[in-house]
Amino acid sequence: MSKNSKVLNLKDKICGNEVDLSLCDVTEVPVRELALFTKATVVDLSCNNITSLPPEFCNLTHLVKVDLSKNQLTCLPDDLGNLANLQHLDLYNNKLTVLPVSFSQLRSLKWLDLKDNPLEADLAKAAGDCLDEKQCKQCATKVLQHMRGLHDEVDRARAKRLLREKELERKREVKQREREAREKEARKREKAEEKEKRRKEYNAQMAAAAAREQQKKKSEEMKKKNGQTAADKKAAAAAMPKPKRSLLGLMFKLLLLLLLGLAGVAAACKWTDLQREAVCLPINVAVDDGLSWAKQQQAVARQLLRNLSSAAKEFVESTQASKN
């Protein structure tokens, strides 16, 4: 069925300001079509198979009287309180147990029927019997009062919940600030420790550099001192008068050279082929005479040594005898 056919069929159900959809085997409320007819303030949906009302039903604020009796409603939309002009509401013979909290906002409601619904005890007590017009009006008044009380309780519970949430949020913020403060303090302490570490390293480097500089100065002073000492020694050595050569030493050296020369000539004449030469003959004779003389002197020396040894022995013996 198209949208236009629905509109035409709904027009057939309209009489003045009333839309009669009762006994039409309706399972869903034609909200879009009803919204097109704002002058139809009375809607009869009784004796159908409606199990729930769509949320859009709460936008039909032009409704003044709604009959939903003898359906299968188990709940009403949460925003039912938006129907500010609703004065008459028939919910007889449904399956409702509770009403939405926003029901308390139906300030224009003057008539209400909740008979034959499995209502909760407190709500059923407020609703009463609804056996006549007067009781239905009292039902509207008492149920609104009851729902306003529930609404206030809900508001208080919501306020408490908001307060608790606010307190929890405040505590979370306090903990967050404390944690941030601790982290900030830890970062500050780490920076201070790092700075102190760098300062110690810098001081150690400066101390090492100063020690190296001091060692360098000492080395330079030592080198300078050693150089000065060497220079002083050199100057002192240069200033010392050179020893004069002794005439006796010179004559001794000349004599030694002469003897070495003569010994060489004698050896050459004695043990080489030159011994037959005429020049070497007197030299060889002189050498032989010298050797003979030396042998004679050797015997004299041996006799002299024996005499000296005997004299020494007698001197030692006499010394020991005198001690005894």
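## A serine and its surroundings

The side chain of Ser 69 reaches the side chain of Asp 67 in a polar contact of 2.8 Å. A polar contact here is a pair of N or O atoms within 3.5 Å; within protein, one must be able to donate a hydrogen and the other to accept it, and residues adjacent in sequence count only if both atoms are side-chain atoms. This model is predicted, so local features need pLDDT of at least 70 and side-chain atom pairs count only at pLDDT 80 or more, while totals for chains, interfaces and linings use all residues. Residues are numbered from 1 along each chain as its sequence is written, and side-chain values use heavy atoms, with hydrogens and water left out.

Where does Ser 69 sit? Look in the loop between strand S4 (65-67) and strand S5 (88-90). Ser 69 is buried, at a relative accessible area of 7%. Buried means under 20% relative accessible area, exposed means over 50%, and partly exposed lies in between (1.4 Å probe, protein chains only). Setting aside neighbours within four places in sequence, Ser 69 is in contact (heavy atoms within 4.5 Å) with Ser 46, Cys 47, Asp 90, Leu 91, Tyr 92 and Asn 94.

## The overall plan

Stepping back, the protein has 6 helices and 6 strands. These are DSSP runs numbered from the N terminus: helices are H or I with at least four residues, and strands are E with at least two. Follow the chain from the N terminus and the elements run α-β-β-α-β-β-β-β-α-α-α-α.

Of the 324 residues of the protein, 22% count as buried. The exposed surface comes to about 24,300 Å², and carbon and sulfur atoms supply 56% of it; these areas come from the Shrake-Rupley method with a 1.4 Å probe, and for residues only the protein chains shown count as cover. Among contacts with a separation of 6 or more, 35% join residues 24 or more positions apart.

## The nonpolar core

In soluble globular proteins, nonpolar side chains tend to be buried together. A nonpolar core is a set of buried Ala, Val, Leu, Ile, Met, Phe, Trp, Tyr and Cys residues joined through side-chain atoms within 4.5 Å. Which members of the largest core touch the most other members? Out of its 43 residues, they are Phe 57, Leu 91, Phe 103, Leu 112 and Val 143. Helix H2 (31-35), strand S6 (111-113), helix H3 (121-127) and helix H4 (133-239) each give this core at least two residues. H4 provides the largest share, with 6 residues.

Not counting residues up to four places away in sequence, Val 143 touches Leu 99, Phe 103, Leu 112, Leu 114, Leu 123, Ala 126 and Ala 127.

How many disulfides does the structure hold? The count is 0. A disulfide is a covalent bond between the sulfur atoms of two cysteines, and the rule used here asks for a pair of cysteine sulfur atoms within 2.5 Å. For Cys 139, the nearest cysteine sulfur belongs to Cys 130 and is 3.5 Å away, and Cys 139 is in no disulfide.

Are Cys 139 and Cys 47 buried or partly exposed? Cys 139 is buried, at 0% relative accessibility, whereas Cys 47 is partly exposed, at 29%.

## Charged partners

The model has 6 salt bridges, each a side-chain nitrogen of Lys or Arg within 4 Å of a carboxyl oxygen of Asp or Glu. One of them links Asp 113 and Lys 115, with the closest N and O atoms 2.8 Å apart. Asp 113 is buried at 5%, while Lys 115 is partly exposed at 21%.

Another pair is Arg 170 and Glu 167, where the closest N and O atoms are 2.5 Å apart. These two are 3 residues apart in helix H4, so about one helical turn separates them. Arg 170 is partly exposed at 41%, and Glu 167 is partly exposed at 32%. Arg 198 and Glu 194 also form a salt bridge, at 4.0 Å from N to O. Both lie in helix H4, 4 residues apart, about one turn of the helix.

## A glutamate in a loop

Glu 28 belongs to the loop between strand S2 (18-20) and H2. Glu 28 is exposed, with a relative accessible area of 64%. Its C-alpha atom is 9.2 Å from that of Asn 48, a residue 20 places away along the chain.
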